[in-house]
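Reader: I've got a model open on my screen and I'd like to learn how to read its pockets. Can you walk me through it?

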Amino acid sequence: MPSRLSRAKDSVSDFFLMLYRVYAFVLRFFKEVLMPPYDLKEIVRQCYETGVRSFTLITLTGFIVGVIFTKQSRPSLTGFGATSWLPSLVSIAIMKALAPLVTALIAAGKVGSSIGAELGSMRVTEQIDAMEVSGTKPFKFLVCTRVIATTITIPLLSTYVAFIALLGGYLNVSANEGTTYTTFMEQAFDPLTFVDFWASLSKAIVFGFTIGIVGCYQGFNADKGTEGVGKAANGAVVTAMFLVFIEEVLIVQIAGWFR
């Protein structure tokens, strides 16, 4: 019993210590990001690494999501004789939830793991320590630029995924019902409101920040040894995905108050 109680106390202490470290890390980011100088060249490079290099995967995923969701929704609406509502149903699902969520999950797996592994390897090989000794600000150069890049690019990718998914939905609807592109788009955007677009954009911004800050935290605080790199990459993906789902629920609830 004493040993179990001691282990429980240690677990609770480690949990709250981790929360404090995360809080200090996020607070340090906001302090550093607001102070000059600003490395715009590195931010642009990270935007390229985050956005352009994910472009092909995001495009394919978004198109498949649109086609599959439309195909799976048709039988249910056909049973009620409401096939004409299919464009509206597809647009509501994609714009409100699927586009930012799918983009965030893909980015968490690709970008988050890449950031965690890259910074983790730099921590393990003591490159970050060498930058601190030489007078360079590794936190501002390595962390701030990557978090800013993900916060910028994820909303852009999410918007792109939404339109690609709608394109996939249109092709499926057009092939089965013969609906024109103009009619499909009119029916797709008719039920959407400003709150829907704002909530979707807010989700993407929050998701992008979460993916960047989690990946940087895991990599920047990686344990020594090659095993720490793998743990940093894995922790970045798992933690970012978990937080994305939590944030999805919270933002949906908040957006519901304004409808």
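Reader: How do the residues of the lining of the second largest pocket divide into nonpolar, polar and charged?

Author: Keep in mind that this is a predicted model. As for the general idea, rolling a probe the size of a water molecule over the atoms shows where empty space is left. In this case, the lining of the second largest pocket has 2 nonpolar, 3 polar and 5 charged residues. Among the residues in that lining are Arg45, Glu49, Lys110, Glu118 and Arg146.

Reader: Okay, and what volume does the second largest pocket have?

Author: About 150 Å³. Helix H2 (40–50) and helix H4 (86–124) each put at least two residues into its lining, and H4 supplies the largest share, with 5 residues.

Reader: Now the other one. How much space lies in the largest pocket, and which residues are closest to its centre?

Author: The largest pocket holds about 620 Å³ of space. It's lined by 23 residues, and Met18, Val22, Tyr217, Gln218 and Thr239 are the closest to its centre.

Reader: Which elements give two or more residues to the lining of the largest pocket?

Author: Look at helix H1 (2–33), helix H8 (194–220) and helix H9 (226–257). H1 gives the most, with 8 residues.

Conventions: Residues are numbered from 1 along each chain as its sequence is written. This is a predicted model: local features need pLDDT of at least 70, side-chain atom pairs count only at pLDDT 80 or more; totals for chains, interfaces and linings use all residues. Side-chain values use heavy atoms; hydrogens and water are left out. On a 1 Å grid over the protein atoms alone, a cavity is a set of points where a 1.4 Å probe fits but cannot get out, and a pocket is an open set with protein on both sides within 12 Å along at least five of seven lines; lining residues have an atom within 4 Å of a point. Grid points are joined across faces, edges and corners, and a volume is the space filled by probe spheres set on the points. Helices (H or I, at least four residues) and strands (E, at least two) are DSSP runs, numbered from the N terminus. Ala, Val, Leu, Ile, Met, Phe, Trp, Tyr, Cys and Pro count as nonpolar, Asp, Glu, Lys and Arg as charged, and the others, Gly among them, as polar.
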